[in-house]
Amino acid sequence: MDKSVWQGKTILVVEDDKALQDAIVMKLGREGINTVTARSYNDAIAAINRAQTVDAIWLDHYLIGEQDGYAIVAEIKKNPKWNEIPVFLVSNTINPDKVKPYFDAGILKFYVKSDYWLEEILTDIKQLWFDLAKLKENK
């Protein structure tokens, strides 16, 4: 894949575990991907509002505060400026029954953190961007 497809893209990383968030940000940075971070619903919505662009969202279900990742997805999907942002749900402890509403709201993929390496998730995100670039190229 051509690195120019993802270099300079921005991912909003919404993760309550600061150590894991830092590891994700470091990995994305080494790939030339910009990041904005949040650990709560309010921080995530504020980050999307502040960012020039968000090309994907890496989202945990459990967050700091009362609202979970689903509240972020619901807010994103009702806002015409944001509703096309691809969302990747990455969580360890979410009950499988809680995943269905995320898919119904339009997330692209769900990962159990303990089952995937960061690189595997990142490869899927880069593949999405590559596929979208190919579609634009063929228009």
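User: Hi! What sits over the ring of Trp6?
Analyst: That would be the charged end of Lys126, placed 4.3 Å from the centre of the Trp6 ring. Keep in mind that this is a predicted model.

User: Noted. And how many aromatic pairs does the structure hold?
Analyst: There are two aromatic pairs. In one of them, the ring centres of Tyr70 and Tyr102 are 5.5 Å apart with the planes at 90°, so this pair is edge-to-face.

User: Where in the chain are Tyr70 and Tyr102?
Analyst: Tyr70 is in helix α3 (residues 69-78) and Tyr102 is in helix α4 (residues 96-105). They are 32 residues apart, and the pair links distant parts of the chain.

User: Is Tyr102 buried or exposed?
Analyst: Tyr102 counts as buried, because its relative accessibility is 1% and the cut-off is under 20%.

User: What about the rings of Tyr111 and Tyr116, how are they placed?
Analyst: Their centres are 5.0 Å apart and their planes are at 90°, so Tyr111 and Tyr116 also form an edge-to-face pair. Tyr111 is buried at 0% relative accessibility, while Tyr116 is partly exposed with 34% relative accessible area.

User: Let's switch to the sheet. What's the order of the strands?
Analyst: The order is β2-β1-β3-β4-β5, in an open sheet of five strands with parallel pairing. β2 (34-38) and β5 (109-112) stand at the edges; each has a single partner strand, so one side of each is left without a neighbour in the sheet.

User: And what does the twist average from one strand to the next?
Analyst: The twist averages 20°.

User: How many bridges join β3 to β4?
Analyst: Three bridges join β3 (residues 56-59) to β4 (residues 87-91), and these two strands run parallel. In that pairing, Trp58 has Phe88 of β4 as its bridge partner.

User: Why is β4 called largely enclosed?
Analyst: Because five of the five residues of β4 are buried, the strand is largely enclosed by the rest of the structure.

User: Which way do the β4 residues point?
Analyst: Val87, Leu89 and Ser91 point one way from β4, with Phe88 and Val90 pointing the other way, and all are buried. Side chains in a regular strand alternate between the two faces of the sheet.

User: Nice. Which strands does helix α1 lie across?
Analyst: Helix α1 (residues 18-30) lies across β1 (10-14), β2 and β3. Relative to β2, helix α1 runs at about 165°.

User: On to packing. Which residues touch the most other members of the largest nonpolar core?
Analyst: Leu12, Val14, Ile57, Leu59, Ile72 and Tyr102 do, in a core of 25 residues. At least two residues of this core come from each of β1, α2 (41-50), β3, α3, β4 and α4.

User: Which of those gives the most?
Analyst: α2 gives the most to this core, with five residues.

User: Last topic, the loop between α3 and β4. How exposed is Pro80?
Analyst: Pro80 is in that loop between α3 and β4 and counts as exposed, at 69% relative accessibility. Pro80 and Glu137 are 57 residues apart in sequence and 24 Å apart in space, C-alpha to C-alpha.

User: And what is Asn83 in contact with, beyond neighbours within four places?
Analyst: Asn83 is in contact with Ile76 and Lys77. Asn83 also has its place in the loop between α3 and β4, where it is partly exposed with a relative accessible area of 27%. From Asn83 to Val73 the C-alpha to C-alpha distance is 8.8 Å, with the two 10 residues apart in sequence.

Technical notes. Residues are numbered from 1 along each chain as its sequence is written. This is a predicted model: local features need pLDDT of at least 70, side-chain atom pairs count only at pLDDT 80 or more; totals for chains, interfaces and linings use all residues. Side-chain values use heavy atoms; hydrogens and water are left out. Two strands pair if DSSP finds at least two bridges between them. Helices (H or I, at least four residues) and strands (E, at least two) are DSSP runs, numbered from the N terminus. Axes are lines fitted to C-alpha atoms, for helices over the stretch in contact, and angles run from 0 to 180 degrees between N-to-C directions. Contact means heavy atoms within 4.5 Å. Rings of Phe, Tyr and Trp (its six-membered ring) pair if their centres lie within 6.5 Å; planes under 30 degrees apart count as stacked, over 60 as edge-to-face and the rest as tilted. Buried means under 20% relative accessible area, exposed over 50%, partly exposed in between (1.4 Å probe, protein chains only). A charge sits over a ring if NZ of Lys or CZ of Arg is within 6 Å of the ring centre and within 35 degrees of the ring normal. A nonpolar core is a set of buried Ala, Val, Leu, Ile, Met, Phe, Trp, Tyr and Cys residues joined through side-chain atoms within 4.5 Å.
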